[in-house]
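Here is a short report on one protein chain and its ligand.

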Amino acid sequence: MNEERTYRPEWAPKEQTADFATAYVKGKEDTTLRSQETKKWVKRKERSVSEYVEGVLNNDRTILAQAITLVESNAAKHMERAQQILHELLPHVGRSIRIGITGVPGAGKSTFIEAFGQFLCEQGHRVAVLAVDPSSSITGGSILGDKTRMENLARDPRAFIRPSPSGGTLGGVHRKTRETMLLCEAAGYDIILIETVGVGQSEFVVRSMVDFFMMIALTGAGDELQGMKKGIMELVDAVVINKADGDNKPKAEAAREEYNQFLHYLRPATPGWETKAYTCSALLGEGIEKVWNVVEAFISVTKQSGAFDARRRHQLKDWIYSMIKDYLESSFFSHPQIKAELPMIENHVIAGTLSVTKAVQQLLQIYETKKGSE
Ligand SMILES: Nc1nc2c(ncn2[C@@H]2O[C@H](COP(=O)(O)OP(=O)(O)O)[C@@H](O)[C@H]2O)c(=O)[nH]1
Ligand SMILES: [Mg+2]
């Protein structure tokens, strides 16, 4: 190894740990961006909308990734172009199976997706993996190391992995993930897997964009049923108890029965479908095919009953309303006059000199009159 390759930045931990990149490779100048004659930097040419559309339809992965970046951008100029691209791609979207996967951190979601995704690719499918990570919208960072756990899947040309969009509210992530999903469908991915950590509202957000929703659960930790408290069990179409291997196998079987007893009394997440618990070992790849068989049965039952299409229609409506809410909320709170007056009005309410209703009325009046005079 030469000196450049072993250079370590000062912020690197002293101890070499497996989850930290061990070497830092110094960047090379990208000569393609320098004009050959003048030796001056030239700006990379922006792609046209039709270049994006064609690239996505031909599953050019570079262009797909760039289109997703455009969709994720909050800049007005990018948003407009992204919407043009999405509009042209509309006839090519919607033909995938959308599967959401939730569970507490450490349950094995990423390991499961790696095994499940590889299995599906071997079956001739093309799989896109997206993530809704609420921590990324709050802290700006994504769950560490997720991508590295999907190393094999990431290398498979039949799979496409995209980590969480960052920035903005969960509502913003919601829009970005939905639109990213549409781009992946247009690029020919027929199975979309959306991973989310069971935090806050993210489960509801993911439920509102998928056909099939599953929870990866664990045994242990007092054997309590995870997700019971938060009502997550009423959102899912399957509970998959992972790590059913080695000494943990009997425990996983017991947990499965416990879950099944409990699920029996719940209102099913999807009309006409009984949510049940299953076991698997994502690590050993056991029980993966069984989970896929469950998804296939679900699709066939709900397509026949009409529940599948009804849910898709409902989700589109839901999307309209959630976007309106997001838009109004950010438009209200970013309004200069509101920003200026809000702290004062807040203080009046706290001091007891103004009622909450009156305060809200005042603020809305400020917002509406200013909007009207713009
Ligand atoms: N024994 C066993 N360990 C597993 C299994 N699936 C995942 N793990 C381990 O559990 C840990 C967390 O897995 P990960 O996929 O990152 O969980 P996530 O946070 O839900 O995405 C990792 O150390 C995995 O190797 C399994 O089926 N059996
Ligand atoms: Mg993970």
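## H2 against H3

Helices H2 and H3 pack with their axes 8 Å apart, at an angle of about 125°. Axes here are lines fitted to C-alpha atoms, for helices over the stretch in contact, and angles run from 0 to 180 degrees between N-to-C directions. H2 is therefore oblique to H3. Angles under 35 degrees count as roughly parallel, over 145 as roughly antiparallel, 65 to 115 as roughly perpendicular and the rest as oblique. The H2–H3 crossing is left-handed. A crossing is left-handed if the near helix is turned anticlockwise from the far one by less than a right angle, and right-handed if clockwise.

Tyr52, Gly55 and Val56 of H2 make the contact with Ile63, Leu64 and Ala67 of H3. Contact means C-beta atoms, placed from the backbone, within 7 Å. By class, this contact has 5 nonpolar, 1 polar and no charged residues. Ala, Val, Leu, Ile, Met, Phe, Trp, Tyr, Cys and Pro count as nonpolar, Asp, Glu, Lys and Arg as charged, and the others, Gly among them, as polar.

## Basis of the model

This is a predicted model: local features need pLDDT of at least 70, side-chain atom pairs count only at pLDDT 80 or more, and totals for chains, interfaces and linings use all residues. Residues are numbered from 1 along each chain as its sequence is written, while chains are lettered from A and ligands numbered from 1 in the order in which they are written.

## H4 and its two partners

H3 (residues 61–72) also meets H4 (residues 76–89): their axes come within 8 Å and cross at roughly 125°. H3 and H4 are therefore oblique to each other. Their crossing is left-handed. Ala67, Leu70 and Val71 in H3 touch His78, Arg81, Ala82 and Ile85 in H4. That contact has 5 nonpolar, 1 polar and 1 charged residues.

H2 (residues 49–57) packs on H4 at about 45°, with the axes 9 Å apart. H2 is thus oblique to H4. This crossing is right-handed. From H2 come Val49, Tyr52, Val53 and Val56; from H4 come Arg81, Gln84, Ile85, Glu88 and Leu89. The classes are 6 nonpolar, 1 polar and 2 charged residues.

## The chain overall

The protein chain has 14 helices and 7 strands. Helices (H or I, at least four residues) and strands (E, at least two) are DSSP runs, numbered from the N terminus. Of its 374 residues, 33% are buried. Among contacts with a separation of 6 or more, 70% join residues 24 or more positions apart.

Is Cys184 buried or exposed? Cys184 is buried, because 28 other C-beta atoms lie within 10 Å. The cut-offs are 20 or more such atoms within 10 Å for buried, 12 or fewer for exposed, and partly exposed in between, with C-beta atoms placed from the backbone. Cys184 sits in helix H8 (residues 170–186). Leaving out residues up to four places away in sequence, Cys184 touches Ala128, Phe160, Tyr189 and Ile192. Ile68 is 116 residues away in sequence, yet its C-alpha is 8.9 Å from that of Cys184.

Ser331 is part of helix H12 (residues 307–333). Ser331 is exposed, with 12 other C-beta atoms within 10 Å. Its C-alpha is 9.3 Å from that of Tyr367, 36 residues apart along the chain.

## Around ligand 1

Ligand 1 is surrounded by 15 residues; Gly108, Lys109, Ser110, Thr111 and Leu283 are the closest. A residue counts as near if its C-beta atom, placed from the backbone, lies within 6 Å. By class, the shell holds 4 nonpolar, 7 polar and 4 charged residues.

Note on methods: Two residues are in contact if their C-beta atoms, placed from the backbone, lie within 7 Å.
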